[in-house]
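Okay, thanks for making time, everyone. Have a look at it first.

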Amino acid sequence: MPDSDQDFLRTLQETMGENVQVTAGHLGKASIKSKPELIKQVVQAIQRDEPTAAITAITGLDLGENIGIMYHTRLRHNLVTLIVEVPKTKPSIESITDLIPGANFHERELTDLFGVTVEGHPSPGRLVLPEGWPIGLYPLRKDAKIENLQESQSSQGSTTPKEPETDGKLVNIIIGPQHPALLEPEKFSLKVDGEIVRQVVPRIGYVHRGVEKAAEQRTYLQDVYLIERICGICNSCHATTFVEAVEKILGTEVPARGKYIRTIILELNRLHSHLLLLGHAGLEIGYETLFQYMWRDREPIMDLTELLTGNRVVSSSIAIGGVRRDVKETDSEKIKAELAKLTKKLPFYQNLFENEPTLKMRTQNVGKLSKEDATKLCVVGPVARASGVEFDIRKDEPYEAYGEIPFKLITRQEGDTYARLMVRLGEITESINIITYALEHFPTGPYRIRAPRTVPKGEAVSRVEAPRGELMHYVRSNGTAYPERVKVRTPTFANIPAFLKTAIGGNLADVPANFVSLDPCFSCTDR
Amino acid sequence: MPLDPWFLFRVLVFPGFIFILFLTLFCDWFERKIEARMQNRVGPAVAGPGGILQPLADLIKLFTKEDIVPRNAKSTIFKIAPVLGFSMLVFAMLFIPIDGQNAIPSSSFSGDLVFVLTLVTIANFLLFLSGWASANPYGSIGAARVLTQFLGYDIPLFMFALSPAFLAGSLSIAGIVESQYLPFMLLAPWAFVFFIVTLQAELEKDPFDIPHAESEVVGGLETEYGGGRLAFLHLTRDVQIVFGASLVVVLFLGGPYGPVFFGPPAFWYTLWFVLKLLVVILISEYITCLFARLRIDQVVAANWKIIMPLAVISLILTVALATWVYPLVV
């Protein structure tokens, strides 16, 4: 931890006095325990020193008598966790959305799943739960059982979210839950004045599967596979984030070879995701040829994943303590050869993206997100990097083998749809370099160590740079083979506010391209 | 007057309705295959050799589907507009001299170029009506976009089509075709290029396929259609493409005329005509594959700021050349 951060924490301790307890090295770089009524003051104190402080996630926790609320706060490049507890009898806390706008969705989710009233929230209302869900049943509390839902099914209170009032001039255009521009079910109501979008009302949660709750009822071993299925494309990222958190609690050190294999699989995930997205963006702007070419070149990446792990998509190759399969010498040669082929094709795409006039007409100056807004809305991944925010977990908090592998951080300054696509195109080259470097500097030795099935009491957060951005898991164990709480914060959940911001004032025809440039994954969002 | 069997054969079989129908299906297959090969795909491959029967199979399949009329749709217009649009375009096709003369013998008259272009405009308007009548927001937006686009591009298309007419000194299609000792493509290449670009917009193909932008307006004006009526909408679109390409052939590529080696000239004329047609479709597909879709405001701006002035300049240039320069050369 740099000295400045140490100083900062000391200053915070001094200004807030007895009201905060700082524990270094716990839940990120440090945890700050405080009283619920002081939460705003603590956040303000943090912001005085670090104006770009952002919220990564807000985790609720059922502690029996109390409900714990954890604000995972991104401070420069480190994670600091603010912890408060509110009594279950009167769970209520002040909103921090006015200080950090990016906390909006996290607070609404907290209300939905834990029944904590967030006072002063600008747009309260259900976020992930369906309209017909009974009032007073909070699914992630420990006392919520499936029987409760069945009992209250008959006497349920329905809360239809109120659509904001508009004067009669605006036309309501609904995108989703079934719409060709979205491959997954989610709804956005656009209030349109002619062709100009004036207002966007999101409705997410159509395929919420309650993975966080389900994970509490399975063993750690089973959870790896459950968590992996949160998302098809970045499956290994989810699995890695989860096992990293578990390994932190266990104190397990993964062998070097295991770390390298994980890095290779994670980068193959990224290649797969970026190629898919660039093609999909082509489809949204009516550039079918680009779509067909990109998806053709994505195919070898899937084959490589199969070669390496045995599966094309959901690889099931990450295990607690390492990976499940070693990489053969012949295979690593094959991977290098295939990637060299892909490298040869990249200048073609580079040239196409830089020189094709219609593609640029449809993406440049579309959905502009300034650096200030990107910081305020706490966006992550390529979306943040395209707005000039240098934020990549692989650099900030190197996990697996990323600390030992040199690679460039791709950023652009424009912050428009074009920049978001170009960042991904640049990252494809970097990913290929990372894999090639890892294969050339492959350590020998074991690729896995056996980990115990029961996990001692403890808690940990871990972060991974998924293809779509920062992915965070929080795991709390109670000393058994079953986790006490698993929290998953996916990159799309953090990026949707960016779309809500940038779509307004834009053209209706630009909505699909703008939205897809975030690389939205709703199966991640509705985990 | 008793009906002449030869007249019936020409109108209904060759080069009339049935020939046009199968030519349309063949061109549809050709278009799909070419596009697929350009995009590194296989394209239709199952029905018939090289998938050549795929458009016919699609057509038959659609006709076997249930016919649904939405409750709020303007029932009459919703039902007849697609069929009427299709028949308008087939009727326009009858004025194209596919085998050296029109399908209806001696139906050519001075000014039939204007007449067929008007028929196409009406067909486009019928397409708009079919989307508007379906009482669906996506259908209405798609229909409105069709109208915006064709209102903008119809005028320049007309003006570019007048260039060959001036060169030939005739407003009849037969007259234009017959005066092309040299294809007008060589005499007025600029008009040829712009005519193809404008046609791309008129036919709603990339980069101007805004009414069909499924990521924005789902199915556009086709959203509420199904079964036989959808088949007619698809056919209308395909005949429109064939008709557009035929216009290029008769106006700029010398129509059906080419070397005749042996046997009946009608056979060779038809062959040359179809080959030239395929070349035009190839060019059009090439443009389609090369570009992304523009936005409606960009398309409208391109029309009034670029295409329209160019059409005027092109017309002035052609008239000047046809009056003072070409008589000296030819």
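So, let's begin with a glycine: just after α9(A), Gly310(A) takes a positive phi of about 100 degrees. Keep in mind that this is a predicted model.

Staying in chain A, let's zoom out. The chain is divided into domain 1, covering 3-152, and domain 2, which is 211-491 + 509-521. Their C-alpha centres lie 27 Å apart. Where they touch, 17 residues of domain 1 of chain A are in contact with 18 residues of domain 2 of chain A. Which element gives the largest share of the domain 1 side? That would be strand β3 of chain A, residues 54-62, with 6 residues. And for those of you who think in side chains, the domain 1 side has 10 nonpolar residues, 7 polar and no charged.

Next, a helix pair in chain A. Helix α8 (residues 256-284) and helix α15 (residues 417-440) have axes that come within 9 Å and cross at roughly 155 degrees. Therefore α8(A) and α15(A) count as roughly antiparallel to each other, and their crossing is left-handed. On the α8(A) side, the contact includes Tyr260(A), Ile264(A), Glu267(A), Arg270(A) and His274(A). From α15(A) you get, among them, Leu421(A), Arg424(A), Glu427(A), Ile428(A) and Ser431(A). Sorted by class, the residues of this contact are 13 nonpolar, 3 polar and 4 charged.

Over to chain B now. How do α2(B) and α12(B) cross, right-handed or left-handed? First the geometry: the axes of helix α2 (residues 17-38) and helix α12 (residues 265-290) of chain B come within 10 Å and cross at roughly 40 degrees. That angle is why α2(B) counts as oblique to α12(B). As for the handedness, α2(B) passes α12(B) in a right-handed crossing. In α2(B), the residues involved include Cys27(B), Phe30(B), Glu31(B) and Met38(B), and in α12(B) they include Leu277(B), Ile281(B), Glu285(B) and Cys289(B). The class count there is 9 nonpolar, 1 polar and 3 charged residues.

One more pair in chain B: helix α3 (residues 54-63) and helix α11 (residues 227-252) pack at an angle of about 145 degrees, with axes 7 Å apart. Leu59(B), Leu62(B) and Phe63(B) of α3(B) meet Gly227(B), Gly228(B), Leu230(B) and Ala231(B) of α11(B). That contact has 5 nonpolar residues, 2 polar and no charged.

Last stop, the place where the chains meet. Here, 22 residues of chain B are in contact with 24 residues of chain A. On the side of chain B that touches chain A, α10 (214-217) and α13 (296-329) of chain B each supply at least two residues. What is the class make-up of that side of chain B? You've got 10 nonpolar, 4 polar and 8 charged residues. Okay, over to you for questions.

Methods
Residues are numbered from 1 along each chain as its sequence is written. Chains are lettered from A and ligands numbered from 1 in the order in which they are written. This is a predicted model: local features need pLDDT of at least 70, side-chain atom pairs count only at pLDDT 80 or more; totals for chains, interfaces and linings use all residues. Two residues are in contact if their C-beta atoms, placed from the backbone, lie within 7 Å. Helices (H or I, at least four residues) and strands (E, at least two) are DSSP runs, numbered from the N terminus. Ala, Val, Leu, Ile, Met, Phe, Trp, Tyr, Cys and Pro count as nonpolar, Asp, Glu, Lys and Arg as charged, and the others, Gly among them, as polar. Domain bounds come from an automatic or database domain assignment. Axes are lines fitted to C-alpha atoms, for helices over the stretch in contact, and angles run from 0 to 180 degrees between N-to-C directions. Angles under 35 degrees count as roughly parallel, over 145 as roughly antiparallel, 65 to 115 as roughly perpendicular and the rest as oblique. A crossing is left-handed if the near helix is turned anticlockwise from the far one by less than a right angle, and right-handed if clockwise.
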